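Please look over this model with an eye to its core, its charged surface and its backbone. A short report goes with it.

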Amino acid sequence: MLPKRVEEILNLQIKKEDYSSQLYLSMASWAENKGFEGVSSWLYLQAEEERIHMLRLIKYVNERDGIAVIPGIKTPPVDFEDVFVMFDKVLAHEKYISGSINEIVGVCIAENDYTTQSWIQWFVTEQIEEESSVKAIIDKLNLLGKNNLYMFDRDIISMRGGGEVSAE
Ligand code: FEO
């Protein structure tokens, strides 16, 4: 049985992963409309990955006799200025998510829930990977500069980290 506080914070995380998925979907759609085929593919895949993160949490909460709450959809922004600004927003969002995963670890410790504390480690590692892959994208973007966005768009898919895509 999950401690109440752990169940609550995991449900909050379900909401955040769902929003991450919607946010990246909105960014993917924006990039597609701007003609950035590679960037939009990267973001569509990222949106899928975030949905899998949400599913992973839902299944865990239910497995531990908690009740996973399926969140309503909050509309993400629709305009992201340019790819530089957009990837800065992706990085800021991932840092925010890393912070909330750390909070979950803190609550698990406070509640003596060592099972969830050990289970959530997958997310701790995943966040390190996600932040570092977005940082690599920003570095490449800055290196190529705004006159080489075509090249950047062509190369971005090859920069995807091999993140797991299964909720099992
Ligand atoms: Fe599921 Fe990118 O955090």
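## Basis

This is a predicted model, in which local features need pLDDT of at least 70, side-chain atom pairs count only at pLDDT 80 or more, and totals for chains, interfaces and linings use all residues. Residues are numbered from 1 along each chain as its sequence is written, and side-chain values use heavy atoms, without hydrogens and water.

## Nonpolar core

The largest nonpolar core holds 26 residues. Such a core is a set of buried Ala, Val, Leu, Ile, Met, Phe, Trp, Tyr and Cys residues joined through side-chain atoms within 4.5 Å. Buried means under 20% relative accessible area, exposed over 50%, and partly exposed in between (1.4 Å probe, protein chains only). M27, V39, L43, M86, F87 and F152 have the most contacts inside this core.

Two or more residues each come from α1 (4-33), α2, α3, α5 (121-144) and α6 (149-155). The largest share, six residues, is from α1. Helices are DSSP runs (H or I, at least four residues), numbered from the N terminus.

## The loop between α2 and α3

D82 sits in the loop between α2 (37-63) and α3 (83-110). D82 counts as partly exposed because its relative accessibility is 31%. E81 is found in the loop between α2 and α3 too. E81 is exposed, at 63% relative accessible area.

## Positive phi angles

Most residues other than glycine have a negative phi. E81 is not a glycine, yet has a positive phi of about 65 degrees. N112, also not a glycine, has a positive phi of about 55 degrees. N112 lies in the loop between α3 and α4 (114-119). N112 is exposed, with a relative accessible area of 52%.

## Negative patch

D79, E81, D82 and D88 form a negative surface patch. Patch residues have over 30% relative accessible area and no salt bridge, with like charges joined within 9 Å and nonpolar side chains (Val, Leu, Ile, Met, Phe, Trp, Tyr) within 5 Å. A salt bridge is a side-chain nitrogen of Lys or Arg within 4 Å of a carboxyl oxygen of Asp or Glu. Asp and Glu count as negative.

Definitions and conventions. Accessible areas come from the Shrake-Rupley method with a 1.4 Å probe; for residues, only the protein chains shown count as cover. The place of a charge is taken as NZ of Lys, CZ of Arg, CG of Asp or CD of Glu.
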